[in-house]
Amino acid sequence: EIHIKEPTEKEVNPRLLPGELLLCEASTVYKYIQEDGSNRGTYGKLICTNFKIAFLDDDSASDDNEPQFKNKIIGENDITLQCVDQIYGVYDEKKKLLTGQLKKYPEKLIIYCKDLRVFHFCLRYTKEEEVKRIVSGIIHHSQTPKLLKLLFLFSYASAAPNNAGKYRRNQTVMFDTLEDWRDELERTKGNVKYKAVTTNEGYRVSEKLPLYFVVPICVSEESILQYEGRGIIWCWSCHNGAALLKMSAFPKEQDDSTSQMQKAFLDGIYKTISNPPYELLKTDDLSSSLPSLQDIQTAYTRFKQLFLIDYSTDFWATDVKWFSLLESTNWLEIIRRVLKKAIEVAECLERQHTNVLLIEESATDLCCVISSLVQVMMDSYSRTKLGFQSLIQKEWVIGGHGFLDRCNHLHRSDKEEAPVFLLLLNCVWQLVQQYPPAFEFTETYLTVLSDSLYVPIFSTFFFNSQHQRDTNMSGESLKTQSGPFRFLTVWDWSVQFDLKGQAFLNNPLYAEKPKPDKSQRKTARFKHQRQLSLPLTQTKSSTKRGFFREETDNLIKNILGKRIGKFINSSDEPPNSFREFYDSWHSKPVDYHGLLLPRIDGPEIKVWAQRYLRWIPEAQLHGGGTIATAAKILDLMEEVQSLQVKMDEEHSQAI
């Protein structure tokens, strides 16, 4: 029996945002519910605006079945133009990729989205004129190359009421002022050896660099100008003074005199950073030690095909070969390699007290991934919601990651596309699911953040650099007639979710930092040392043992280093030192506010099920799963809090 909802005459009007224009529409479009390949579905209107493609049926008018967790900007039948991945047409049961001008129009339209939703629309009952208009409209607006200024971001910013830009910077540090950088230096105690510079004000040094950044104190303004900002840039300082640094690689093809000059400049910096008060310096060229962006893109393209499923029968067909299919994509292996690299860097900083300098062609792709991961692993502030948001601002948004090119928002060139930011979120997710109490945010937060990459009302993920954003800020605004655009930031979650929705972004089981109580702390420390040293040794002797071990470690390192003949390279440490560091950390109880090392052996690296499987009904537990658990815990928290309030009241009355 096929249930078909007959089209009703009721007119359903689209909800449009400020600056959003209806471009084309088609009525009596039939949307399949893709569960079982039977042709169940509903009739409605398919529209395309300068912001999204949306399907409106009678249900979208009623508010009875509102989900608890609902996005205010994008409904469940809305696809932003940036979120469209590929569009297929079905001609006589054959699927064909649609691009550019069409000679013949399909009877069915399949839209695959970057957030892994799949929409099937049947156009058989739609007027031919409307089919032509809607299909060519959708292809044109979502697949053809665009100019930056035509992004919906600008239409929205000029039409939205002006309170848009007044996001109360509720402590997410934006890193667009000198003070922000100075505060960060102070917070990490890096200000002894590093300084924030204003050399690039007005972008006079380089358009790739942010207005303000941090360099070693020994670097002069002249040398920054002379080398166009190429050189060592500070990311973060560890509690022991060792720092994480990054540098873009110098171009290989150059005449001798220039390369001699650059060599002299770098040697000068290396020498200074390798002398007191700096620690030793170890360089790591990420372009040779990690997969290329091309490999990452290829792996992710294969990986996401596993989840873009037309019918549930396809799901069961892949289910049989699931593990081998997953393995062959290589995506999980890339995540593992990236996590392993981050652990290696953490070991240098934490245990060897060595500065680590990450080198990459532009220092804005894998450098961002590794430096962010290291900070999430080593700095518990980065595991709070505001701390994580500030980290993304610092390393990615201001740090100059090319979101526009890497996400291919303008469809200019597929060659530049690579899911670098998604790779970071996948790696952070591994940590979140291995150590939930260590994070103030939830996996739902990460999923929603990954979806926000494709919502062009926030400027956060729609520019390649701070310079590009600043030069495009000035514009004629319709309301005020003049003045710069006021862009929204993605960190203002109230734009997308009401308070009930926002509650799902916070982890109710977060282990907050205990306030140190001096008397207890001493005894706890002492006991802890006893447990970790050899049985029956007195605590005093352990320092001596440690001293000798360090000596022998250094000896081994030197012998090995000389034998291999590479001093400043990743291979100057015994290969088992990584394993030893990793194993010894995992043998101790976890301190949720200390160093966190992910488990990276084979089966520990998992698929981020919430993000990738959420649209596949067969993969869901009905009324269960992480969100259901979270909802239950949130209810329980509310109950506990209200009881607490009652008890406090009773208590104060009694007094």
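Over residues 519-573 of this predicted model, pLDDT stays under 50. The model has 29 contacts beyond four places in sequence for residues 519-573. A further stretch in which pLDDT stays under 50 is residues 476-481, for which the model has 10 contacts beyond four places in sequence. Where pLDDT is low, the predicted coordinates should not be read in detail. For the chain, the mean pLDDT is 85, and 83% of the residues reach 70 or more.

The chain contains 22 helices and 14 strands. Of its 655 residues, 51% count as buried. The accessible surface of the chain comes to about 33,200 Å², and carbon and sulfur atoms account for 54% of that area. When contacts between residues at least 6 apart in sequence are considered, 71% of them join residues at least 24 apart.

Four of the strands form an open sheet with mixed pairing, in the order β11-β12-β14-β13. At its edges are β11 (233-237) and β13 (280-285), each of which pairs on one side only. From one strand to the next, the twist averages 25°. Strands of a sheet pair through backbone hydrogen bonds, either parallel or antiparallel. The pairing of β13 with β14 (residues 354-360) is parallel and extends over six bridges. Within this part of the sheet, T283 stands opposite L357 in β14. Helix α11, made up of residues 366-378, packs on the sheet and touches β11, β12 (243-248) and β14. The direction of α11 makes about 150° with that of β14.

Helix α12 spans residues 385-397 and is mostly covered, with 12 of its 13 residues buried. The N-terminal end of α12 is capped by T384, with a side-chain oxygen 3.0 Å from the backbone nitrogen of G387.

Two residues elsewhere in the chain were examined individually. T126 lies in the loop between β8 (118-122) and α1 (128-143). T126 counts as buried because its relative accessibility is 9%, under the 20% limit. Apart from neighbours within four places in sequence, T126 is in contact with A26, S27, T28, V29 and V131. With T28 there is also a polar contact: the backbone oxygen of T28 lies 3.1 Å from a polar atom of the T126 side chain.

S155 is found in helix α2, which covers residues 152-159. Its relative accessibility is 25%, so S155 counts as partly exposed. When residues up to four places away in sequence are not counted, S155 touches G19 and N50. S155 and I457 are separated by 302 residues in sequence, while their C-alpha atoms are 8.9 Å apart in space.

Terms used
Residues numbered from 1 in each chain as written. Predicted model: local features only at pLDDT ≥ 70, side-chain atom pairs only at ≥ 80, totals over all residues. Heavy atoms only, no water. Pairing = 2+ DSSP bridges. Helix = DSSP H or I, 4+ residues; strand = E, 2+ residues; numbered from the N terminus. Axes fitted to C-alpha atoms, helices over the stretch in contact; angles between N-to-C directions. Contact = heavy atoms within 4.5 Å. pLDDT = per-residue confidence, 0-100. Buried < 20%, exposed > 50% of the residue type's maximum accessible area, 1.4 Å probe, protein only. Areas by Shrake-Rupley, 256 points an atom, 1.4 Å probe, with all protein chains shown as cover. Polar contact = N/O pair within 3.5 Å; in protein donor to acceptor, adjacent residues only side chain to side chain.
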